[in-house]
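Here's a quick briefing to read with the structure open beside you.

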Amino acid sequence: MFWTQVPHFADTVRRKAESGCRVRFQLDDPNGDVPRQRETVEDADLSVSTRISITLEHLDRLGPLEGLKTCFSAPQDAINHVSLAVFRFDDDAW
């Protein structure tokens, strides 16, 4: 949850995208079956669909940026990675 835990994360995403860095978010559909199934397993206060929705809200606030791409996983793929969070940064991420 970079949006809530990393100060100025949205500014960092904007700055990186505007400087030519490719920034990609691959998410599950917050209204899909896969997140709902995962929520049953996790039984967490901050549900999977809520975390996805928070990300989508922050991305929407950024507006269109060249180099920033957001897409939803296909349901048949989402089941394999809904419980994973993978982040790749270079040594100049911040």
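This is a predicted model, and pLDDT averages 84 over the protein, with 89% of the residues scoring at least 70.

**The nonpolar core**

- The largest nonpolar core holds 15 residues, and the ones with the most contacts inside it are Trp3, Val13, Phe25, Leu62 and Leu68.
- Helix H1 (2–5), H2, strand S1 (23–27) and H4 each put in at least two residues of this core.
- H4 supplies the largest share of this core, with five residues.
- Setting aside neighbours within four places in sequence, Trp3 has quite a contact list: Phe9, Ala10, Val13, Phe25, Ile54, Thr55, His58, Leu59 and Leu62.

- Ser47 sits in the loop between helix H3 (33–42) and H4, whereas Ser49 is in helix H4 itself, which covers residues 48–62.
- Are these two serines buried or exposed? Ser49 counts as buried because its relative accessibility is 16%, under the 20% cut-off, and Ser47 is buried too, because its relative accessibility is 16%.
- The side chains of Ser49 and Ser47 make a polar contact at 3.3 Å.
- Ser47 also pairs up with Glu39, side chain to side chain, in a polar contact of 3.4 Å.
- Glu39 turns up again around Ser49: beyond neighbours within four places in sequence, Ser49 is in contact with Pro30, Pro35 and Glu39.

**Leu56**

- Leu56 is another residue of helix H4.
- Its relative accessibility is 26%, so Leu56 counts as partly exposed, the class between 20% and 50%.
- Which residues does Leu56 touch, leaving aside neighbours within four places in sequence? The answer is Leu27, Pro30, Thr70 and Phe72.
- Take Leu27 from that list: Leu56 and Leu27 are 29 residues apart in sequence, and their C-alpha atoms are 8.9 Å apart in space.

Terms used
Residues numbered from 1 in each chain as written. Predicted model: local features only at pLDDT ≥ 70, side-chain atom pairs only at ≥ 80, totals over all residues. Heavy atoms only, no water. Helix = DSSP H or I, 4+ residues; strand = E, 2+ residues; numbered from the N terminus. Buried < 20%, exposed > 50% of the residue type's maximum accessible area, 1.4 Å probe, protein only. Polar contact = N/O pair within 3.5 Å; in protein donor to acceptor, adjacent residues only side chain to side chain. Contact = heavy atoms within 4.5 Å. pLDDT = per-residue confidence, 0-100. Core = buried A, V, L, I, M, F, W, Y, C linked by side-chain atoms within 4.5 Å.
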